[in-house]
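Please keep the structure open beside you as you read.

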Amino acid sequence: MTLEFVEEATRSRSGRHRAYAAVFIVREDGSVERVRGGERTRGTYSRGDARLVRVNPPKQGYIVHVKLVMNPRGWVKGRINVYGDQGLLYSAVIRERKLRGSMGDPRYSWAALRVLEELGVAKALRRINVEVRGGPRGDAGGG
């Protein structure tokens with residue numbers, strides 16, 4: 001099963017709005033690898049680059065797709081999706097500098113948090129409102 005994602009780094013003509021999307025592979029041991037390449041496609045905004053990436057889910061890991069949009073005030077909102085062999089496993093949203101679980105099994109939230117730590121977005125959040133279980137760190141209890 002091949003999944004298709006849009007990877008982009010675009011901005012509006014005025015330069016006040018920005019969109020960022022990236023695809024990562026998170027292994028069972030916690031290592032994170034960014035997926036690059038693909039064919040050019042149309043992005044959210046007119047300036048910048050957007051690509052269509054095709055990825056096969058790994059046997060011992062997950063695919064994490066991060067999509068973020070920044071407005072003129074510098075506020076970021078977005079969505080983080082975790083995919084596996086069965087399709088979408090977990091989804092979380094970022095609004096008002098808060099990360100919240102949206103749908104799916106919270107056992108996979110560790111993969112989303114691992115990618116946010118890798119991007120440096122986790123430091124900018126004032127509240128992480130997801131239950132973290134499983135992953136390479138073991139059972140961390142509540143979130």
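Which residues of α1 are buried? They are Ser 109, Trp 110, Ala 111, Ala 112, Leu 113, Val 115 and Leu 116. Bear in mind that this is a predicted model. A search of the whole structure turns up 10 salt bridges, and the notes below visit some of them.

**Helix α1 and its end**

- Arg 114 and Glu 118 pair through their side chains in a salt bridge, with an N to O distance of 3.5 Å.
- Both partners sit in helix α1, which covers residues 109-119, and they are four residues apart, about one turn of the helix.
- An α-helix has 3.6 residues a turn, so residues three or four places apart point the same way.
- Arg 114 is partly exposed because its relative accessible area is 22%, where under 20% would count as buried.
- Glu 118 has 45% relative accessibility, so this residue is partly exposed too.
- Just after α1 comes Gly 120, with a positive phi of about 85 degrees.

- Glu 4 and Arg 54 meet through their side chains in a salt bridge, at 2.9 Å from N to O.
- This pair links distant parts of the chain, since Glu 4 belongs to strand β1 (residues 3-11) and Arg 54 to strand β5 (residues 47-55), 50 residues apart.
- Glu 4 counts as partly exposed because its relative accessibility is 48%.
- Arg 54 is partly exposed as well, with a relative accessible area of 46%.
- Glu 39 joins Glu 4 and Arg 54 in a network of salt bridges.
- Side chains of opposite charge can pair when their charged atoms come close.

**The pair Arg 40 and Asp 49**

- Arg 40 and Asp 49 form a salt bridge whose closest N and O atoms are 3.0 Å apart.
- Is Arg 40 buried or exposed? Arg 40 counts as exposed because its relative accessibility is 58%, and the exposed class begins over 50%.
- Asp 49, at 29% relative accessibility, is partly exposed.

- Glu 8 counts as buried because its relative accessibility is 3%.
- What does the side chain of Glu 8 contact? It makes a polar contact with the side chain of Thr 44, at 2.9 Å.

**Positive charge on the surface**

- A patch of positive charge gathers on the surface from Lys 77, Arg 79, Arg 95, Arg 97, Arg 100, Arg 126 and Arg 127.
- One of these patch residues, Arg 95, has its place in strand β8, which spans residues 87-95.
- Arg 95 has a relative accessible area of 48%, so Arg 95 is partly exposed.

**Arg 36 in a loop**

- Arg 36 is found in the loop between β3 (32-35) and β4 (39-40).
- With a relative accessible area of 61%, Arg 36 is exposed.
- How many Å separate the C-alpha atoms of Arg 36 and Asp 105? The separation is 27 Å, and the two residues are 69 residues apart along the chain.

Methods:
Residues numbered from 1 in each chain as written. Predicted model: local features only at pLDDT ≥ 70, side-chain atom pairs only at ≥ 80, totals over all residues. Heavy atoms only, no water. Salt bridge = Lys/Arg side-chain N within 4 Å of Asp/Glu carboxyl O. Helix = DSSP H or I, 4+ residues; strand = E, 2+ residues; numbered from the N terminus. Buried < 20%, exposed > 50% of the residue type's maximum accessible area, 1.4 Å probe, protein only. Patch = residues over 30% accessible without salt bridge, like charges linked within 9 Å, V, L, I, M, F, W, Y side chains within 5 Å. Areas by Shrake-Rupley, 256 points an atom, 1.4 Å probe, with all protein chains shown as cover. Lys, Arg positive; Asp, Glu negative; His and termini not counted. Charge placed at Lys NZ, Arg CZ, Asp CG, Glu CD. Polar contact = N/O pair within 3.5 Å; in protein donor to acceptor, adjacent residues only side chain to side chain.
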